[in-house]
Amino acid sequence: LLLIFLFFHSDFPVNRWAGGLPRGFAFPCLFLWCAGAWIDSFKVRMTAAITAATLYPPVMVLMFGAEGIHTWTYFLKEPREQWWRRVRGYGIQVAICASLLFANSLREHVGRFHTYEEAMKIPAFKKGGRLIEKEQVPFKDPAPILGRTLMRPLSPSGTAYFGEVAKKIKSHQGTWGIFALAAMFSFLLIMRARPPTLAICMLISAFVSYGVARMVAFTFYTPLRYLEFGTYTAVLLLMIECFALWGVNAATLKARNIRTLMTLMLVICTLLFIGDGIKRDNYGMTIKYANNAKLWDAIRKTPEEGRILAHPKEADGVTFWTGRASTVAYERLVPWNTVKWKRNKKRAEEALTALYETDKKRFLAYCEKNKITHVIKKKQRYAKNLKRYAGTFQPLTAFTGRMLINRKPKDVVLNQVPREAIVLDGRKQLISVEKLKQAWSKKVKPPVQADEPVLPEVQKP
């Protein structure tokens, strides 16, 4: 129960869990492994490892690192036969998960991960590119990232009863975090409790995994995931082993009462001085239904086989909220894999070209070729400064910049949309391609010249 409370109290794991991306499986898999380690269940740990290998492999690496170290801790306190049984179980897990990863690596439509040398030549990996600053190349000093990650489970979150105390803790977060970690370690030593073995194993696994992943970047995905997820989990394990599992080997009523009291005091002090962990602004969610509710409702009424053309940043929530296909979305434009990045980059360039097309025939030809039935148009992107609002990240921002150098807003075909083609009007418009085609194909009668007499129509009997 304490693990669940600490998980929901901090915004870091909740953001990743609720963001709708593969990394959302990271902490559930890690916590399942932790539960299996606490109760010493081989089946639970194997289930966690196989699930992680299938859904989010970086977490599997952290598990195997921690379990490998943890297995050696039994070398001196267990009979050799029992210890070898643990080693065999560990080997079985590694073999099964390695097979899953090998099968996953055979997906030719995705390709291998870029190497560090290749990443240094791709703008999407650098400043102004697709990745956040701490993931960009060349790699930065990991010390600040490590410090922030270690302090996250102890950081103020939400609304605290003693708000001023929470503000002071947040302003001196580093000092407070170090003091809290030192106090927990000291408590375990003074009370002669069992050492926080799992926390230490997970911390070592995080450091080793990060170091190896950084040396062979990006073969094992981004190194940052190992450092962030591993160190955060290690601090949570330390807190649980210090409070909820203190004296767990002592099957006495007194020990159970002390554990219950300590856990209750931790929860109460957290709510009073650090915060309740509730973010009332739906903080951290990657995509939100409420922001574009009318748009999603309108798209849901379109044919299921339809496809939506949209700017990469507008295309993110289309499939998730409406079940309709769309052109390449921002969250799909990650540069990790060779084949996938090359393909999606080309698709994004084609979509951006169509969105700012000046020729109606070429625009309709693109829509027909890619089976586009509707277009999402954000009005702000078609105002005075086309280059500014067309940008996404490098190298796509440079691509649209070159394309729109001398282009005027009035020349873009999506600024020439007749009223009857607009399905939904607002900050973002939903435009029907079929109605747009019909409106553009209407023949306009030539105007009557002033010097020509207008003859009345003769009605046939």
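Start by selecting Glu135 and Arg225: they form a salt bridge, with the closest N and O atoms 2.7 Å apart. A salt bridge here is a side-chain nitrogen of Lys or Arg within 4 Å of a carboxyl oxygen of Asp or Glu. Glu135 sits in the loop between α7 (116-119) and α8 (143-151) and Arg225 in helix α12, so the pair ties together parts 90 residues apart in sequence. Helices are DSSP runs of H or I with at least four residues, strands are E runs of at least two, and both are numbered from the N terminus. Glu135 is buried at 5% relative accessibility, and Arg225 is buried too, at 9%. (Buried means under 20% relative accessible area, exposed over 50%, partly exposed in between, with a 1.4 Å probe and protein chains only.)

A quick note before moving on: this is a predicted model, where local features need pLDDT of at least 70, side-chain atom pairs count only at pLDDT 80 or more, and totals for chains, interfaces and linings use all residues. Residues are numbered from 1 along each chain as its sequence is written, and side-chain values use heavy atoms, leaving out hydrogens and water.

Next, pick Arg381 and Glu314, whose salt bridge has its closest N and O atoms 2.6 Å apart. Arg381 is in the loop between β3 (374-378) and α18 (386-390), Glu314 in the loop between β1 (307-309) and α15 (318-322), and the two are 67 residues apart. Arg381 is buried at 8%, as is Glu314 at 6%.

For a local pair, go to Lys345 and Glu349, with closest N and O atoms 3.1 Å apart in their salt bridge. They are four residues apart in helix α16 (residues 338-355), so about one helical turn separates them. Lys345 is partly exposed, at 25%.

Now show helix α3, residues 26-38. What do its buried residues pack against? Their partners are α1 (2-9), α2 (11-18), α4 (42-55), α5 (57-72), α11 (197-215) and α12 (224-243). Cys34 is among the buried residues of α3, at 2% relative accessibility. Just after α3, Asp40 takes a positive phi of about 55°.

Last stop: select Val212 in helix α11. Val212 is partly exposed, at 36%.

Notes
The expected span of a helix is 1.5 Å times one less than its number of residues. Contact means heavy atoms within 4.5 Å.
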